[in-house]
Amino acid sequence: MQFNHERVRMNPRARVAFTLVELILVMALLGIVLAVSAPALSRFFRGRTLASEARQFVSLTRYGQSRAVAEGVPMMLWMDTQRGTYGLQQETGYGNVDAKAVDFRLGKDLAIAVADMPPRGSVSVQSAQAAQPDPNVPRLHFQPDGFIGEASPRSVVIRENKGESLWITQRPNRLNYEIQTNSPQNAFR
């Protein structure tokens with residue numbers, strides 16, 4: 001099929017173009033679609049922030065556990081629930097300064113809390129005090145043998161201000177933590 005150049009020159013209205021009214025109509029439709037979908041997209045991205053924070057926390061537990069085994073030094077993952085920070089460092093008294101210590105700040109609108117401490121009778125008073133010199137800052141302990149310390153909380157919860165939450169719970173074999181979407185009611189029975 002050949003294009004007829006003569007016809008276009010003779011009839012200037014034969015050229016195809018959008019009118020200003022058509023462009024305004026398309027822009028209005030796009031604005032309506034964005035206004036309707038914005039709340040859903042907002043919830044989606046907030047949910048991704050919560051999930052990525054939980055994955056980062058679990059990754060830090062695995063890093064702390066592998067460092068404890070590799071270096072032969074107990075490691076602690078501390079959580080400052082008031083400031084919304086957490087980090088990993090070697091237990092105090094096992095070296096001068098931990099050059100590999102890391103700390104993180106929770107994402108906007110997120111909070112962290114310890115949800116389930118082990119029963120008081122399962123840990124001796126002396127070891128619990130030595131493991132946690134500051135009772136206001138909960139800590140997870142990773143032993144050089146690869147196990148999680150008995151004084152470590154069984155569950156940690158990361159919550160959004162809007163109500164969604166993810167639970168990070170200790171496995172019954174005390175070897176690692178995992179993410180759960182619901183409250184771990186029967187995990188330790």
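Let me start with a term: a residue is buried when its relative accessible area is under 20%, exposed when over 50%, and partly exposed in between, using a 1.4 Å probe and protein chains only. By that rule, 32% of the 189 residues of this protein count as buried.

A word on the source. This is a predicted model: local features need pLDDT of at least 70, side-chain atom pairs count only at pLDDT 80 or more, and totals for chains, interfaces and linings use all residues. Residues are numbered from 1 along each chain as its sequence is written, and side-chain values use heavy atoms, without hydrogens or water.

Now the layout. The protein has 3 helices and 8 strands; these are DSSP runs numbered from the N terminus, helices being H or I with at least four residues and strands E with at least two. Along the sequence the pattern is α-α-β-β-β-β-α-β-β-β-β.

Next, contacts, meaning heavy atoms within 4.5 Å. Take those between residues at least 6 apart in sequence: 55% join residues at least 24 apart.

On to one pair of strands. E7 (residues 165-170) and E8 (residues 177-180) run antiparallel, joined by 4 bridges. Strands count as paired if DSSP finds at least two bridges between them. Which residue in E8 is the bridge partner of Ile 168? That is Ile 179.

Last, Val 36. This residue is in helix H2 (residues 20-71). Val 36 counts as exposed because its relative accessibility is 64%.
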